[in-house]
Amino acid sequence: MTATPKKNLMLFSGRAHPELAEQVSKHLDVTITPQSAYSFANGEIFVRFEESVRGCDAFVLQSHSAPINDQIMEHLVMVDALKRASAKRITVVMPFWGYARQDKKHRGREPISARLIADMFLVAGADRIMTVDLHTAQIQGFFDGPVDHLFALPVLAEYIKRTYADRELAVVSPDSGRVRLAERWAETLGGTPLAFIHKTRDPRKPNEAVANRVVGDIDGRTCVVIDDMIDTGGTVAKAVEALLAQGARDVIVAATHGVLSGPATERLSTCGAREVVFTDTLPIPDEKRFPAMTVLSIAPLLAQAIHQVFDDGSVTSLFDGNA
């Protein structure tokens with residue numbers, strides 16, 4: 001008996017960010033596979049897919065948003081269900097990698113939780129991971145399999161170029177650790193000047209930073225402060241205040257992941273920034289939005305990457321070979 005193998009792409013979505021999954025499905029021209037998903041009274045999560053997934057190329061999309069532990073667990077349960085239902089290949093699509101900030105030990109007796117997340121998905125049955133703008137690129141090495149690391153820079157930078165074409169721009173890194181990313185931003189925006197904020201942070205006090213001074217020429221320019229994520233907004237708010245105090249004409253904030261915990265919305269809306277730009281890798285509810293916030297869709301990029309993986313194409317080609 002002989003048979004010609006056929007490839008069948010199936011898209012699955014957790015309950016964290018259904019709007020993003022719907023947009024991705026429209027760009028791919030596929031339907032999200034129906035499923036039953038609910039939580040028991042004690043918080044345990046149950047998932048069952050309503051169609052056969054045998055032999056399919058499965059892409060499981062879930063944003064690791066708050067409550068983050070529930071979303072990660074649901075993601076793992078979905079992968080396990082697919083493995084036990086004989087899916088041929090399982091690609092975990094996590095636009096935001098949960099626990100990515102815990103990627104190394106600052107002091108003794110600390111965990112490396114980003115590695116733990118990778119290990120859990122490997123054990124659950126994931127063959128591949130697709131993610132957007134990791135906190136540090138080294139996290140790709142934590143997963144023993146292919147990792148497609150996508151960049152939101154083209155999406156964000158194109159919007160900035162289109163909206164502020166008539167301005168003299170300067171790219172500003174909120175700390176020394178983001179200077180390499182700032183260099184890529186400056187190149188994409190046409191060779192704009194670079195600056196960074198010299199700041200200090202106590203590793204024993206999470207979500208607290210002190211902005212010290214601006215290093216670089218920003219006088220009279222519209223500054224674009226770039227970062228991978230904004231959580232409580234303290235670092236970025238202080239950076240904006242420091243830039244305006246040292247002669248910046250305007251400040252625009254551009255970040256991939258809008259975590260926006262606690263006082264973030266109030267801080268960002270009152271810090272003096274002209275505009276705050278995010279992508280929708282994480283859901284941003286209406287109560288966390290304000291007039292100066294712009295949210296760009298990451299769905300076209302995710303859909304293109306999924307299509308390339310399914311067709312055994314090149315994900316790197318999406319970034320002009322610079323992925």
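Q: Which residue stands opposite V132 in strand 7?
A: In this predicted model, V132 stands opposite L150 in strand 7. Strands here are DSSP runs of E with at least two residues, helices are runs of H or I with at least four, and both are numbered from the N terminus.

Q: What is the strand order of the open sheet, and how do its strands pair?
A: The open sheet has five strands in the order 1-4-5-6-7, and their pairing is parallel. Strand 1 (9-13) and strand 7 (147-150) are called edge strands because each pairs on one side only. Ignoring direction, neighbouring strands of this sheet are turned by 20° against each other on average.

The model is predicted, and local features need pLDDT of at least 70, side-chain atom pairs count only at pLDDT 80 or more, whereas totals for chains, interfaces and linings use all residues. Residues are numbered from 1 along each chain as its sequence is written, and side-chain values use heavy atoms, with hydrogens and water left out.

Q: How do you know that helix 1 packs on the sheet, and which strands are involved?
A: Contact means heavy atoms within 4.5 Å, and helix 1 (residues 18-28) touches strand 1 and strand 4 (57-61). The direction of helix 1 makes about 165° with that of strand 1, where axes are lines fitted to C-alpha atoms, for helices over the stretch in contact, and angles run from 0 to 180 degrees between N-to-C directions.

Q: Why are helix 1 and helix 8 called oblique to each other?
A: Angles under 35 degrees count as roughly parallel, over 145 as roughly antiparallel, 65 to 115 as roughly perpendicular and the rest as oblique. Helix 1 and helix 8 pack at an angle of about 55°, with their axes 8 Å apart, and they are therefore oblique to each other. Their crossing is right-handed, a term used if the near helix is turned clockwise from the far one by less than a right angle, anticlockwise being left-handed.

Q: Which residues in helix 1 and helix 8 meet?
A: L20, Q23, V24, H27 and L28 in helix 1 meet A299, P300, L302, A303, I306 and H307 in helix 8. By class, this contact has eight nonpolar, three polar and no charged residues, with Ala, Val, Leu, Ile, Met, Phe, Trp, Tyr, Cys and Pro counted as nonpolar, Asp, Glu, Lys and Arg as charged, and the others, Gly among them, as polar.

Q: Why are helix 4 and helix 5 also called oblique to each other?
A: The axes of helix 4 (residues 153-163) and helix 5 (residues 179-188) come within 10 Å and cross at roughly 45°, and the two helices are therefore oblique to each other. The crossing of helix 4 and helix 5 is right-handed.

Q: How do you know that the residues of the UniProt "binding site" do not all gather at one spot?
A: UniProt places this feature (unreviewed entry) at N42, G43, E44, R101 and Q102. They span 61 residues in sequence, and the farthest two C-alpha atoms are 28.9 Å apart, so they do not all gather at one spot. UniProt positions are given in the numbering used here, feature names are shortened, and annotations may be inferred rather than shown by experiment. One of these residues, E44, lies in the loop between strand 2 (35-39) and strand 3 (45-49).

Methods: Pairing = 2+ DSSP bridges.
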